[in-house]
Amino acid sequence: MKDSMVTVSFEDQIAIVSLNRPDKRNAMLPSMLTELNQVLIDCSAQTQAIALLGEGKTFCAGFDLKVCAQDPSGKIMSELLSGLSTVVRTMRSLEIPVVLGVHGAAVAGGCAMLGGADIVLADQSCKLGYPVVKIGVSPAVSAAFMMASIQAGPVRTRLLDTKLVSAEEAYQIGLVHELVDNAESVRSRTIQIASNLANKPGSAISATKAWLNEIVSPMTDNAQIGLDVSLSLTGSHEEQERLSSLWG
Amino acid sequence: MSESTTQPVQLDIDGLIATLTINRPEARNAMSIEILEGMHSAVDSLSNSETTVLVITGTGRAFCAGMDLKAVLIELSGDASVGKQLLSSLAELTLKIRNLHQVTVASVNGAAIGGGCGLTCVCDVTISHADAKLGFPEVDLGICPAVIAPWVVRKLGPGVARRAMLMGGVMSGRDGFDIGLVDYLSETRDELDELTESIAQRLSTGGPKALSATKKLLNTIDGSQNDELVRKGAEISATVLATPEAQAALKARLK
């Protein structure tokens, strides 16, 4: 497990799951997402809540675009999109709550993970957003879960505008539920909330989570369509041209 | 006056404004079968009324403390069906309130807890004061706020509603204002009645047809006409309520 891109530890009744590729700002690779998905599923069978975090200076910078730029076929980009969609859907469908603590930056695929979490914390100086259209990638993959979290107006702006927003702005639109004073405190506060949830009656929590999922299912049922839209652009000329101009 | 104030639910009409007062202060206006039946008949009587605004409030220190927990503790009531009956009645009441042609205003004078807080979310406008207590502590008691969840999601948006209902606990009127649970806030309880009065007056100046047509459209757009979702929510709440875990947690709370 030492070289693993996803670490997990257990504390009381919770699992602490961390993205662990700090030298690359926890940039996502297909194998990382596969691993994360499996870890989340395994944890849900063993614990009452999950605290999801990132190691190092930032939570997650999104997909590893350097790797994508070296793959003209678009296959890696497709695997990343599918993997991300699966992880977000898993987070949402688990019986136990997922508390996500982001710090530094939660960008693109990293920001998409907010859509699957039940409770989201961010430090005051964190930057968030989906600046992906400028590299020819469609954030459609994230749209359904964003719609099932925040109001439709801000979803549109955040997915179409490449600007990153401050944690304060993200809090204002409901993308973040709690602001933490500094990045160092995100971990402890996230663990604290997860422990708090783990100590509540489990069947009431899981019944409530499942019912909330069902209420918003008219929106989240579109998740596959969103993924298909994002997949339809992979390997396209526009995407490859823009990726290679940045990373080639 | 003394006669009307002994009614568990009081309905007063003043011009275009109707006021429904939950009047069970000794039990923090908790929803018993009797209270719910009183609210049903008050709301029913408004369907042909020419009033354009309905204000809902509570007598005493609480707005509504939610479900009558003593009634739903099977060991105490000796009747496992009471919880289901209460939840089903609450579900139907919320549907009726949402479909009223009047603009509905919750004037949250004090604690609005669980189902009581859900009741505020069904209303079109919520007014409260900075020190009121609002929230959804159901999960803390091992029960599930499913019956009111559709209204909370529509009021707060799904993400904020998810956080509020999974985290449990209660919040101040000011914090409720910050997350959109409260639309208008007075600094103190003393200022609430005047604020409520001025907002109700302002709302009542709207054209009756324009108000009801607008409400109907908003109900269509936001899925409020999905009655089955609320009824299913009541069933889920009832199922969780009957579990040994929930009953044990309720019993501990009532000790």
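In what order do the 6 strands of the open sheet in chain B run? The answer is in the second legend below; keep in mind throughout that this is a predicted model.

**View 1. Strand β2 of chain A, packed on both faces.** Take residues 14-19 of chain A: 6 of the 6 residues in this strand are buried. One side carries A:Ile14, A:Ile16 and A:Ser18, the other A:Ala15, A:Val17 and A:Leu19, and both faces are covered. On one flank sits β1(A) (residues 6-11), antiparallel to β2(A) and tied to it by 6 bridges. Look for A:Thr7 facing A:Ser18 across that pair. The hairpin linking β1(A) and β2(A) has 2 residues between the strands, and A:Asp12 has a positive phi there, near 50°. β2(A) also pairs with β3(A) (residues 49-54), this time parallel, again through 6 bridges, with A:Leu19 opposite A:Gly54. Getting from β2(A) to β3(A) goes by way of helix α1 (residues 30-46), and the three make a right-handed β-α-β unit.

**View 2. The open sheet of chain B.** The strand order is β1-β2-β3-β5-β7-β10, with mixed pairing. β1 (9-14) and β10 (184-186) of chain B each have a single partner strand, so one side of each has no neighbour in the sheet. From one strand to the next, the twist averages 20°. At the β10 end, β7(B) (residues 125-129) and β10(B) run parallel, joined by 3 bridges, and B:His129 lines up opposite B:Ser186. Helix α10 of chain B (residues 189-204) lies across β2, β3, β5, β7 and β10 of that chain, at about 160° to β7(B).

**View 3. A:Ile50 and the largest nonpolar core.** This core counts 176 residues, and A:Ile50 and A:Val99 have the most contacts inside it. Helix α3 of chain A (residues 75-93) is the top contributor, giving 8 residues. Zoom in on A:Ile50 and, leaving aside residues up to four places away in sequence, you'll find it touching A:Ile14, A:Ala15, A:Val17, A:Leu40, A:Cys43, A:Ile96, A:Val98, A:Val99 and A:Ala194.

**View 4. Where chain A meets chain B.** Here 22 residues of chain A are in contact with 29 residues of chain B. On the chain A side, helix α9 (residues 202-215) supplies the largest share, 9 residues.

Methods. Residues are numbered from 1 along each chain as its sequence is written. Chains are lettered from A and ligands numbered from 1 in the order in which they are written. This is a predicted model: local features need pLDDT of at least 70, side-chain atom pairs count only at pLDDT 80 or more; totals for chains, interfaces and linings use all residues. Two residues are in contact if their C-beta atoms, placed from the backbone, lie within 7 Å. Helices (H or I, at least four residues) and strands (E, at least two) are DSSP runs, numbered from the N terminus. A residue is buried if 20 or more other C-beta atoms lie within 10 Å of its own, exposed if 12 or fewer, and partly exposed in between; C-beta atoms are placed from the backbone. Two strands pair if DSSP finds at least two bridges between them. A crossover is right-handed if, with the strands pointing away from the viewer, the path from the first strand over the helix to the second runs clockwise. A nonpolar core is a set of buried Ala, Val, Leu, Ile, Met, Phe, Trp, Tyr and Cys residues joined through C-beta atoms within 7 Å. Axes are lines fitted to C-alpha atoms, for helices over the stretch in contact, and angles run from 0 to 180 degrees between N-to-C directions.
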